[in-house]
Amino acid sequence: MKQFNNPLWLPYTQMHNVELPPVVVATSGSQIHLEDHKILIDGIASWWSACHGYNHPCILQAMQEQLSRMPHVMLGGFTHAPALTLAQKLSELLGPDLNHVFYSESGSVAVEVALKIALQYWINQDNFAKTTFMHFQHSYHGDTFLTMSLCDPEQGMHRKFNHILNKHYCLSFPANVEDLLQFEVFLEKNHHMLAGLIVEPLVQAAGGMKFHTMDMLKALVLRVQDFGIPVIFDEIFTGFGRTGSLFAFEQIGVKPDIICLGKALTGGVTPLSATIASTKLYNQFLSDKVSDALMHGPTFMGHALGCAAALASCALFSQEPRLAQVQTIETYFKEIFPPFARYAMVKETRVKGAIGVIQLHARLTTKQLKWLNHYFLQQGVWIRPFGDIIYLTPAFTIPMHELEILIQALHFALSGLQNLL
Ligand SMILES: *Cc1c(COP(=O)(O)O)cnc(C)c1O
């Protein structure tokens, strides 16, 4: 075991006695090439972002062209073709009434901006009481402070900060009509202080790849909107095809007032995120007072290189059969995942779009996690279990024979885990 000995502070990592993580020198397709010449098949598409696989020539070319002219120029006081064209494109893809695009550089900041828009929507109407957000158990919306406040306060990774985080309403997801009725009572009683609802529609990702039933989510969103309360869909994970449609809201049949996009927005190539608001919300910022404007502007917002990458990535969804590939993966997963349930430690399996989840009975212990991570590397696959799940979220372009290798590695790993005790 090689000790890690570098000033680099790694993400989500206990740095005490940490081993040197594999050093990546190149990527291509669904493959990650390591310094020691080993090649890993990526089962999770680089934190769910590399939806077209790595190094897609169309995205690289668009970026190279943009780079040769202008990597970036500030958006304050200026604009440029990549930012304008991408805003147009996103507004087209999202359809009517989600057409005011604000750029940031990360998902967390895109959510911060969404929350700020919802709060200021009320402030600009001289309503200072509506300051509390509703979110859900198992939610994850980012690592900045307000987004940490809207992560699951009990299970979430930010619970250490509970004593200084803002208090919001953490709801459990309605399971039936009675729950919905209770939720209505809650809304009746509290709507005067509610600023908005934020939810990861259809799939809560970092909270454990939990799926929602569509009709419950639809009913819930409609009730919130009936009270005129803005609904924010955090589609940073679900956006761009992951659940089978370009956006998850298309399957649910309701539209949010604000949507947040990130991760696969640039095909996972370069940081860029977007917060897109409805005209109703946007109009509340229009007045003859500067103080009514949205006072926000990340230095690198609308990064030209990022916008060029995102435009190329969006185009790939029509130039290549991307959603059909998601469908193929879903069909394959629906056939290949249920047999994992035969392992004693597996509680159930579930599949949605290009997401396959093995739900365990208990959270993985540190020892089990460590063993799994080593084992997967040894098998030449990049799979990162967390909490009580082992899952795949591959690139939509992954070849079938590479998917088969991932599935086989999962079987070997589950057999190995049983014998570990
Ligand atoms: C990853 C993620 C975020 C945070 O995005 P970052 O780019 O890591 O800041 C927020 N919400 C959801 C649903 C995510 O999956």
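User: What makes helix α2 roughly antiparallel to helix α10?

Analyst: In this predicted model, α2 (residues 57-69) and α10 (residues 304-319) pack at an angle of about 150°. Angles over 145 degrees count as roughly antiparallel, so α2 is roughly antiparallel to α10. Their axes lie 8 Å apart, and the crossing is right-handed.

User: Which residues make that contact, and how many of them are nonpolar, polar or charged?

Analyst: Happy to list them! α2 contributes C58, I59, A62, M63, Q66 and L67, while α10 brings A304, L305, A308, A309, A312, S313, L316 and Q319. By class, there are 11 nonpolar and 3 polar residues, with no charged ones.

User: Why is L34 called buried?

Analyst: Its relative accessibility is 7%, and buried means under 20%, so L34 counts as buried. L34 sits in strand β2 (residues 31-34). Setting aside neighbours within four places in sequence, L34 touches P22, V23, V24, V25 and L40.

User: How do you know that the span of helix α7 is close to the expected one?

Analyst: Helix α7 (residues 214-226) has 13 residues, and the expected value at 1.5 Å a residue is 18 Å. From first C-alpha to last, α7 reaches 18 Å, close to that expectation.

User: Which residues of α7 are buried, and what do they pack against?

Analyst: They are M216, L217, A219, L220, V221 and V224. Their packing partners are β5 (132-136), α6 (177-190), β7 (194-199), β10 (231-234) and α8 (248-252). After α7 comes G228, with a positive phi near 75°.

Note on methods: Residues are numbered from 1 along each chain as its sequence is written. This is a predicted model: local features need pLDDT of at least 70, side-chain atom pairs count only at pLDDT 80 or more; totals for chains, interfaces and linings use all residues. Side-chain values use heavy atoms; hydrogens and water are left out. Axes are lines fitted to C-alpha atoms, for helices over the stretch in contact, and angles run from 0 to 180 degrees between N-to-C directions. Helices (H or I, at least four residues) and strands (E, at least two) are DSSP runs, numbered from the N terminus. Angles under 35 degrees count as roughly parallel, over 145 as roughly antiparallel, 65 to 115 as roughly perpendicular and the rest as oblique. A crossing is left-handed if the near helix is turned anticlockwise from the far one by less than a right angle, and right-handed if clockwise. Contact means heavy atoms within 4.5 Å. Ala, Val, Leu, Ile, Met, Phe, Trp, Tyr, Cys and Pro count as nonpolar, Asp, Glu, Lys and Arg as charged, and the others, Gly among them, as polar. The expected span of a helix is 1.5 Å times one less than its number of residues. Buried means under 20% relative accessible area, exposed over 50%, partly exposed in between (1.4 Å probe, protein chains only).
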